[in-house]
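Trainee: I would like to learn how to read a model of this kind, going from the strands of a sheet to the packing of helices. Could we take the features in turn, with the general idea ahead of the particular case?

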Amino acid sequence: MNLKNVKLILSREVRDQLRDRRTLFMMFVLPILLYPLLGMLFLQIQQFVQDKPVRVLVVGAEDYPDLPPLFENESFAESLFSDPKDTRLLEVHFPPNEPDDPGSTADPFAEAQRAVRAREYDAAIYFPEGFGEELQRFRRAIEERVSRAEEISLADAQGSPLKVPNPMIIHDFDSTKSMMAYDRLNVAIRAWRELVGESNLAAGGIPASAASPFDPQSSPVGDPSASRSASMWSKILPVLMLIWALTGAFYPAVDLCAGEKERGTLETLLCSPAERSEIVLGKLGTIMLFSMVTAVLNLASVGLTGWLVFGGRPEFGPPSSMAILWLMIALVPIAAVFSALCLALAAFARSTKEGQYYLMPLLLITMPLAVLPMAPAVELNLGNALIPISGLVLLLRSAMEGNTMLAIQYLPVVVGVQLLACMLSIRWAIDQFNSESVLFRESERLDVGLWLRHLLRDRRPTPTVAGALSCGVLILVLKFFTSLSASPMNHFGDLARSTVITQLVVIAVPAIFMTFLLTSSARETLLLMRPAWRAVPAAALLALMLHPAVNALQVVVQRLYPISENVREALQTLTKMFTDAPFWQLALVLAVLPAVCEEFAFRGFLLSGFRHLGHKWRAIVFSALFFGLAHGILQQSLIACVVGVVLGYVAVQTGSIFPCMVFHVLHNTLALAMTRINPEVLGWPLLRRLMVLNEEGDYVYSWPTIVGGLFASLLILLWFRRLRYQRSSEEKLQDAIDRGLHSDEEPEIMVQSLAAPPQ
């Protein structure tokens, strides 16, 4: 790689972007104007969000002598509110006919409900008839017992307990203002109840402090205002940095790739002596530069505007210098990841208009990972540190809140994940620039009729990449809606019925239907070829040898991502069903049926379609990802992804789905057998050497068994690697291109290699 070429391309692209007025506006003008205008708008909006009084109808209220006042001067008493000015927020109204027509036969409660329903009042409070008398009777009962030095028993002469009828607050759920009135009325009435209770205690000679003997006090460690400010900035600034780093990278990337396609300058650049990787690195450096500058300017503008608008509040302060330092350090890998992703997507786009459509899907994928760390229960640990984007945001939050030692502890893990994400993103961008079919895709209009005729008439033996992707998404969507409509399972029959419906209708039917609809050869699509005779027993042996390592990986995953209590209870119910059902029925429903249906879908249709990407490992990983997502529980999905990679590799190397089915059946059967392990079964000499009892009381494989099985599995996989497999036409072309890029072969030799037999 010639760094001089990279530098020349970088300087060229930077000059071109600085000549674009839209880019300059997005980078410099928008951050300077946007947030001050938002701050000004916030101050203006505050005038409209001031608390407004609500109209409250009071029905049945009386004067209650010897009790704390409820009303004063035709409004609620100021003593009922923490701030006496809040009494003006409840505008009190009394029924006009109450003092003039006390003998009216109309139901006052129904009249109050009608008035609130008609929106004549925002809310109403109704005191039942005799409320005041019962309250006074309650008070006198306390005084009489105390004066006679008797044990206080709040009952009348017949022994019936004294009970004061409850006031009713009438409100309308459909009205926001009515709900606001309810909240304010509820606060006032509860405060009055507390005052009445204290006065009753005083009437009985008991101090009011008896009801509240202590009041917890706050003893903060450190500066409370600085802690609150750091906590607030730690939740806002990392998310804003991610959003603006992504936005700042996207538009320059679209202009540098899709824009050059439209201007016709991309061909000139590709004809230059610079290699494709050098072109990618030059453009990547330009996009990273603009991404970082955009993020820094926006963060500075947000911080300055927030400090000016809220700086008068004692709990608000500017972010610390260490917080700013952590943000600047984290900005580099974040900008690199987003710049590489945007560059690859922009290279795939046919035009700038199409490229702009890709921003929303990228945001939809990024935002949940960025917002997840804002939840209070999500903390920085090893499991969360392994999640891209989320781990970095959690690291920044911990560092900005002052928990530096925790941030340093997980810094190597987060850095490693980010570097891996950077490498994969850059590699994807380079692959996009190495593909002529991607760089020179032509714009086209969609004619549904022509597209359907082409789909049915020009069918190939195996599905396209789009067909495989559509099938995978369809399976996930059907699985989602099926899981939502699933009924509770009380016995094994319910579990068997649900599993059969899911496997046949949700997984197998879409794959088989799309096979006959979109392809011309079900045999090639579903890999229904006869494998080498040794492949089937090798796959069975691989399942046996690999199961201890998979079981150990499951324990590790559950420690990284603990199962919630609800899921744990559901799994315990399922485990009880497993132990109660006959094992042959259990194996038939949960081992044999999934092995057939899932292999047809994921190692058959999906893997065959993804093989047209030109890289067998991409096809294996993508089909494994869909295989993992099809499992409902996160911990189960992670394990399924790993097992799916092994199954995909076996399918590619053998060219047949039957070894995968054998592997799948044995793997699931062994997992079911683990639920039947007990001290009696462990009494067998062989199992006593293979398994041990762990601290949680579960039987697991011993470490010598795990290590030995993993070593044997690697040897079996090496044997599979020696098998000659059939490459797709795209894989042959990619192999020829890779050999041509790394050798001095003549083009004729490269062309001849496309027709070479599979190796």
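Mentor: Helices (H or I, at least four residues) and strands (E, at least two) are DSSP runs, numbered from the N terminus, and two strands pair if DSSP finds at least two bridges between them. This is a predicted model, in which local features need pLDDT of at least 70 and side-chain atom pairs count only at pLDDT 80 or more, while totals for chains, interfaces and linings use all residues. Residues are numbered from 1 along each chain as its sequence is written, and side-chain values use heavy atoms, with hydrogens and water left out.

Trainee: In which sense do S1 and S5 pair, and over how many bridges?

Mentor: Strands of a sheet pair through backbone hydrogen bonds, either parallel or antiparallel. Here S1 and strand S5 (residues 123-126) pair in the parallel sense over four bridges, and valine 56 has its bridge partner in S5 at alanine 123. S1 also pairs with strand S4 (residues 90-93), again in the parallel sense over four bridges, with valine 54 opposite leucine 90 of S4.

Trainee: What is the order of the strands in the open sheet, and which strands stand at its edges?

Mentor: The open sheet has four strands in the order S4-S1-S5-S6, and its pairing is mixed. S4 and strand S6 (168-170) stand at the edges with a single partner strand each, so one side of each is left without a neighbour in the sheet. Neighbouring strands are turned against each other by 25° on average, direction ignored, where axes are lines fitted to C-alpha atoms, for helices over the stretch in contact, and angles run from 0 to 180 degrees between N-to-C directions. Helix H6 (residues 176-203) lies across S1, S4, S5 and S6, and runs at about 35° to S5.

Trainee: How many residues of S1 are buried?

Mentor: Buried means under 20% relative accessible area, exposed over 50%, and partly exposed in between (1.4 Å probe, protein chains only). Strand S1 (residues 54-59) is mostly covered, with five of its six residues buried. In H15, 11 of the 11 residues are buried, so this helix is largely enclosed by the rest of the structure.

Trainee: What does the side chain of serine 390 reach?

Mentor: Serine 390 lies in helix H15 (residues 390-400), and it counts as buried because its relative accessibility is 1%. Its side chain reaches the backbone oxygen of leucine 369 at 2.6 Å. Taking contact as heavy atoms within 4.5 Å, serine 390 touches Leu369, Leu372, Pro373 and Asn384, with residues up to four places away in sequence not counted.

Trainee: At what angle do the axes of H15 and H16 cross?

Mentor: For such angles, under 35 degrees counts as roughly parallel, over 145 as roughly antiparallel, 65 to 115 as roughly perpendicular and the rest as oblique. The axes of H15 and helix H16 (residues 404-434) come within 9 Å and cross at roughly 160°, and the two helices are therefore roughly antiparallel to each other. The contact is made by Gly391, Leu392, Leu395, Ser398 and Ala399 of H15 and by Thr404, Leu406, Ala407, Leu411, Val414 and Gln418 of H16. After H15 comes glycine 402, whose phi is positive, near 95°.

Notes:
Polar contact = N/O pair within 3.5 Å; in protein donor to acceptor, adjacent residues only side chain to side chain.
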